[in-house]
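Here is a friendly walk through one protein model. Have a look at the sequence and the fold, and then read on.

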Amino acid sequence: MIAFSVISLAFTTLAPTQGASLLDLLPGGATSKGYLGVDFSERQPTSGENVSIITSNLSAQPGTPPNTFLCSSLSDANCAKGSFVRAQLILPPCETANQLMCVEGLSIGTSASDMELAVLDHEVRSLTTPADVALGLPRGGGPSLWKSAKFANKSGNFTYGVIARVVYGQNREAVGAAGKANAPITLTSMNLSVIPVTQKAGKYYPLESYTSVNPDGGATFGVRQTGNDYDNLADCAWTELGFCAKYEDFADNTRVALTMRMGAEMTGWLYGRMKDVDVKVDPIDAKNNRIKIEALPVNAPGAFGYIKKSELASNPKIDARVRLSSGVFGYNMMLQSEGSIVDGYDPVGNFEDFAAFEPILKTKAGYRAQWIVSSGASANGYQATSGNACFDDKTQLLGIVTTNAMVYSPSAPEFKDGALSYKVAGLHFICGFGSRS
């Protein structure tokens, strides 16, 4: 086991509540017209996002929109249509003692002394991707459902989901036969979350992927239910035939421990939403580690705001960020549409967007406690960086920073002028001192 540093920053927040949909927060509700809403929160992904999928991507060129092509595998001919291949994988539960890149186990308790192993119920039948042994890509599976014998979530159910998402990238440098199909594939990010769920019965179906075309003519894809007469999908972490895994909240004082077999690239510097953290890392081989993260979930607030689309031009800082995130075509489509829309912004490392939108933001009720740990690039592409060369070492666990701040840096804190410096942002909070060991 490797010694490491833990830095935890805590802020006082409101108690979590269950709120309305984001469109309902606009003036006039979901049927309002002419508004642009802005959501700033580390939201819980929809069922269509918790899937394994491989895409080949071709950047926009003058006069040509960006294109995203679905690939059934790395060797699929569609993967040659783009110059950069992205594989988002949901890691499955471990089936054998020698399997790598998988979920080894989950424990639930109320303190470090009463942690109890949960029992794997099943891996969700979802979109999957095959392994590519030659290039080192593991199999992409579905989320997994686990049951605790003693510790219920806030809904009274004893069921928990594990969503272990990793992303790999392959730069082929060119399209078609000129592309380097055997170029190295690199593990770029990891996001692990444990979620309390209720298995809600109803008209729900497995998922399927499909190809489509954007209004600008660019190739794209989507994920949808295999049946057309499905029930409301709001708050579904995943769906199966006859069931939706509905997001719930943790019971008070719940403690969670997740054990993964993970590529060593993702077990160096960690960041996330949790507190009272204990991490243990043991090498499996030269490229993989067994990592166990044990912690309490935290309540992390989000923010929401809105502005009339007709007022964007008179708010240049906001307008500039909307243009940047939407692109020329998307920005013009947004202005020309009669209805209202809401744009979501991931808070990890996103200080520039937060500073621009802060004048219209207010703390948002309607969030649950979260247990999340990540490494590598954030959802919006921000990389953890440090001026300390020690943090370039990917062969061992270096530390973890956790917080419930609204916006926070994924990077390691730095010592500047004799003090520890770490960047967070929020609308209104009372600062509390965390622990460092």
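Arg-255 and Glu-294 are both buried, where buried means under 20% relative accessible area, exposed means over 50%, and partly exposed lies in between (1.4 Å probe, protein chains only). The two residues form a salt bridge, with their closest N and O atoms 2.7 Å apart. A salt bridge here is a side-chain nitrogen of Lys or Arg within 4 Å of a carboxyl oxygen of Asp or Glu. This pair links distant parts of the chain, as Arg-255 sits in strand E16 and Glu-294 in strand E19, 39 residues apart. Strands (E, at least two residues) and helices (H or I, at least four) are DSSP runs, numbered from the N terminus.

A word on how to read all this: the model is predicted, local features need pLDDT of at least 70, side-chain atom pairs count only at pLDDT 80 or more, and totals for chains, interfaces and linings use all residues. Residues are numbered from 1 along each chain as its sequence is written, and side-chain values use heavy atoms, with hydrogens and water left out.

The structure holds 18 salt bridges. Side chains of opposite charge can pair when their charged atoms come close.

| Pair | Closest N to O distance |
|---|---|
| Arg-255 and Glu-294 | 2.7 Å |
| Arg-290 and Glu-104 | 2.9 Å |

Asp-39 is buried, at a relative accessible area of 3%, and Lys-364 is buried at 12%.

**The sheet around these residues**

Strands E16, E19 and E6 belong to an open sheet of five strands with the order E7-E6-E16-E19-E18 and antiparallel pairing. Its edge strands, E7 (116-117) and E18 (275-283), each pair on one side only. Two strands count as paired if DSSP finds at least two bridges between them. Strand E6 (residues 102-109) and strand E16 (residues 255-263) are joined in the antiparallel sense over seven bridges. Val-103 stands opposite Met-260 in E16.

**An enclosed hairpin strand**

Strand E14 (residues 236-240) has five of its five residues buried, so it is largely enclosed by the rest of the structure. E14 pairs with strand E15 (residues 243-247) in the antiparallel sense over four bridges, and Trp-238 has Ala-245 as its bridge partner in E15. The hairpin of E14 and E15 has two residues between the strands, and Gly-242 takes a positive phi near 90 degrees there.

**Confidence**

The mean pLDDT of the protein is 88, and 90% of its residues reach 70 or more; pLDDT is the predictor's confidence in each residue, from 0 to 100. Over residues 1-20 the pLDDT is below 50, and this stretch has 69 contacts in the model beyond near neighbours in sequence, a contact being heavy atoms within 4.5 Å. Residues 429-437 also have pLDDT below 50, with 18 such contacts.
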